[in-house]
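Reader: Could we go through this model together, part by part? I would like to begin with a single residue and then move on to the helices and the sheet.

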Amino acid sequence: MPKPDLIIHDANVLIALIQAGVLDRCLRDMARPAVTTDLVLAELTDPQQQAAARRAASKNRLIVRGLTSDELLQVAARSGRGPAALSLPDHSVLWLAQTTGGTVLSGDGPMRRHAETAGISLHGLLWLLDRMADAGWPPPDLHRTLCQLLEHGNRLPHQATQLRLLKWS
């Protein structure tokens, strides 16, 4: 049965939240289940990133969906038909969103464009921070997190980012 409340994480969002030091807190405070695929987890090559993701999974805050061999074949077939800019893990996230009705969380431009074309719901880091504001994060914490995301090179829409920095300062 479809689970439209799922938030399906791409590697770039997991990495950004780990670098900002807020992965565990975001997953804890998110009102919706957080999922990623085993292929996305394999993209985390930095030992600290791997450890942070494993800790979140061990606390059941991040569900790691392992793909069966049949599912992997479906993802690989999709990969062959999709944009070259998308990796197999990217396609696994899109496949999972289509099969569950979940929402993708990604900051990847090609993935965003492909999701839009395919009718898959996709949001980015600013949307996630807005959900954290809804969850009661104090404005200074939101401001600090947004600054940390920017310091780590995350490319966010300039005007929307500036508005939030002003709002949360």
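**A conversation about the model**

Author: Ala77 has its place in helix α5 (residues 69-81). Helices here are DSSP runs of H or I with at least four residues, strands are runs of E with at least two, and both are numbered from the N terminus. This is a predicted model, in which local features need pLDDT of at least 70 and side-chain atom pairs count only at pLDDT 80 or more, while totals for chains, interfaces and linings use all residues. Residues are numbered from 1 along each chain as its sequence is written, and side-chain values use heavy atoms, with hydrogens and water left out.

Reader: Is Ala77 buried, exposed or partly exposed?

Author: Ala77 is partly exposed, at a relative accessible area of 36%. Buried means under 20% relative accessible area, exposed means over 50%, and partly exposed lies in between, for a 1.4 Å probe and protein chains only.

Reader: What span should α6 have, and what does it have?

Author: Its 13 residues should span 18 Å at 1.5 Å a residue, and the end C-alpha atoms are 18 Å apart, which agrees. The expected span is 1.5 Å times one less than the number of residues.

Reader: How many residues of α6 are buried?

Author: Of its 13 residues, 10 are buried, so α6 is mostly covered. Among them are Asp90, His91, Trp95 and Thr100. Gly101, with a positive phi near 80 degrees, follows α6.

Reader: Now α9, please. Which of its residues are buried?

Author: In α9 (residues 139-151), the buried residues are Asp141, Leu142, Thr145, Leu146 and Leu149. They lie on the same side of α9, because they cover an arc of only 130 degrees around the axis. That arc is taken from the directions from the helix axis to the C-beta atoms.

Reader: What covers them?

Author: The cover includes α1 (11-19), α2 (23-29), α8 (125-134) and α10 (158-168). Contact means heavy atoms within 4.5 Å.

Reader: Changing topic: what is the strand order in the sheet?

Author: The sheet is open, its five strands run in the order β3-β2-β1-β4-β5, and the pairing is parallel. β3 (63-65) and β5 (122-123) are at the edges with a single partner strand each, so one side of each has no neighbour in the sheet. Two strands pair if DSSP finds at least two bridges between them.

Reader: How many bridges join β1 and β4?

Author: β1 (residues 7-9) and β4 (residues 103-105) pair over three bridges, in the parallel sense. Thr103 is the bridge partner of Ile7.

Reader: And Thr36, buried or exposed?

Author: Thr36, found in strand β2 (residues 34-37), is buried, with a relative accessible area of 0%. Leaving aside residues up to four places away in sequence, Thr36 touches residues including His9, Leu14, Leu62 and Val64.
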